[in-house]
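Visitor: Hi! I have a protein model open and I'm new to this. Could you walk me through it?
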Amino acid sequence: MNILQHKIDFVALVSVTMANSNGDPLNGNRPRTDYNGYGEISDVCIKRKIRNRMQDMGHKIFVQSDSRCDDGFGSLSERASAVMNGEKDRDAYAKKACETWLDVRTFGQVFAFKDTKGVSVGVRGPVSIHQAVSLSPVEVESLQITKSVNGEKKDKKSGDDAGMSSDRMGMKHMVRFGLYELKGSINAQLSEKTGFSEEDAQVVKECLRTLFVNDASSARPDGSMEVVKLFWWEHNCKDGQYSSAKVQRSVKAVLKPDVDVPSSVKDYNISIEPLEGLDPEILEGL
């Protein structure tokens with residue numbers, strides 16, 4: 001594989017319609033918002049979805065969620081130990097980890113487990129991702145829901161149903177509509193250290209384009225979250241022709257003059273500010 005030799009920047013526009021884009025466990029699992037009402041999706045959430053897509057494509061992933069574990073290991077420690085076989089040299093450890101797992105050579109990883117007996121290895125990955133933020137404030141709706149069945153048999157002696165009665169109340173939260181901007185970049189210098197290749201970059205691009213495939217849940221029904229457009233810039237050098245900030249700012253999504261509260265992507269005018277010598281590849285999401 002050819003190691004990536006040029007910087008890459010990317011921006012994805014993600015639409016959210018009647019879905020919980022990323023629940024906040026410290027706020028009753030309501031969709032994340034800042035103090036000004038703008039919606040947020042954490043970088044950790046985005047990386048989780050990218051890892052899932054990598055796994056769907058048949059690549060080996062180190063940080064697997066329990067529900068998608070495909071190698072039988074119950075923890076990161078077990079997974080690392082099975083591959084490393086007691087390796088103590090930090091450089092050799094990092095090299096083998098990067099060669100084995102795509103997400104390690106992509107995002108990096110800290111290996112510090114009890115069974116490594118004092119060996120702590122940190123890998124810094126070339127792909128960095130910002131938290132996604134909505135382009136306009138979002139309206140969060142909450143629905144009260146009830147259970148139609150008992151989860152447990154009622155204890156007749158104590159009269160205690162452990163809070164599992166069929167009329168138990170709950171809440172469901174969702175964003176009515178939001179258009180979020182997801183930004184990131186790939187560093188060529190760090191690619192050399194982890195072995196991140198041109199082929200790996202294409203995998204990341206496809207993961208972003210298909211980010212919500214196989215991601216449906218009761219909080220995110222199929223079709224409620226969509227990658228509208230993906231802008232992908234490949235610079236002609238390692239350091240980049242422009243800063244990542246300038247490249248990412250070149251994407252403009254502005255509300256149309258006659259729209260106060262957006263309800264769909266069509267309510268925005270989307271354009272790109274040209275950068276001399278650097279044209280993006282523009283892809284439609286799946």
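Guide: Happy to! One term to begin with: buried means under 20% relative accessible area, exposed means over 50%, and partly exposed lies in between. Also keep in mind that this is a predicted model.

Visitor: Okay, let me try that out. Does Cys 237 count as buried, partly exposed or exposed, and why?
Guide: Cys 237 has 27% relative accessibility, so it counts as partly exposed. Cys 69, at 30%, counts as partly exposed too.

Visitor: While we're on cysteines, how many disulfides are there?
Guide: The count comes to zero disulfides.

Visitor: Got it. New topic: how many residues does the largest nonpolar core have?
Guide: That core has 36 residues. Phe 10, Ile 50, Leu 182, Ile 186 and Trp 232 have the most contacts inside it.

Visitor: Which element gives the most to this core?
Guide: Strand S1 does, with six residues. Among the other elements that give two or more are helix H1 (43-56), strand S10 (169-186) and strand S11 (225-234).

Visitor: And what is Ile 186 in contact with?
Guide: Leaving aside neighbours within four places in sequence, its contacts include Ile 8, Phe 10, Val 127, Phe 196 and Trp 232.

Visitor: What does the second core include?
Guide: The second core is separate and has 15 residues, including Tyr 93, Phe 111, Val 119 and Val 121.

Visitor: Let's jump to Ser 197. Where is it?
Guide: Ser 197 sits in the loop between helix H5 (188-194) and H6. With 0% relative accessibility, Ser 197 counts as buried.

Visitor: Which residues is Ser 197 in contact with, apart from its close sequence neighbours?
Guide: Beyond four places in sequence, Ser 197 is in contact with Met 1, Asn 2, Ile 3 and Leu 4.

Visitor: Last one: at what angle do H2 and H3 pack?
Guide: Helix H2 (residues 76-84) and helix H3 (residues 90-100) pack at about 105°, and their axes are 11 Å apart. That angle is why H2 counts as roughly perpendicular to H3.

Visitor: Which residues meet there?
Guide: From H2 there are Ala 80, Val 83 and Met 84, which meet Tyr 93, Lys 96, Ala 97 and Thr 100 of H3. By class, this contact has five nonpolar residues, one polar and one charged.

Note on methods
Residues are numbered from 1 along each chain as its sequence is written. This is a predicted model: local features need pLDDT of at least 70, side-chain atom pairs count only at pLDDT 80 or more; totals for chains, interfaces and linings use all residues. Side-chain values use heavy atoms; hydrogens and water are left out. A nonpolar core is a set of buried Ala, Val, Leu, Ile, Met, Phe, Trp, Tyr and Cys residues joined through side-chain atoms within 4.5 Å. Buried means under 20% relative accessible area, exposed over 50%, partly exposed in between (1.4 Å probe, protein chains only). Helices (H or I, at least four residues) and strands (E, at least two) are DSSP runs, numbered from the N terminus. Contact means heavy atoms within 4.5 Å. A disulfide is a pair of cysteine sulfur atoms within 2.5 Å. Axes are lines fitted to C-alpha atoms, for helices over the stretch in contact, and angles run from 0 to 180 degrees between N-to-C directions. Angles under 35 degrees count as roughly parallel, over 145 as roughly antiparallel, 65 to 115 as roughly perpendicular and the rest as oblique. Ala, Val, Leu, Ile, Met, Phe, Trp, Tyr, Cys and Pro count as nonpolar, Asp, Glu, Lys and Arg as charged, and the others, Gly among them, as polar.
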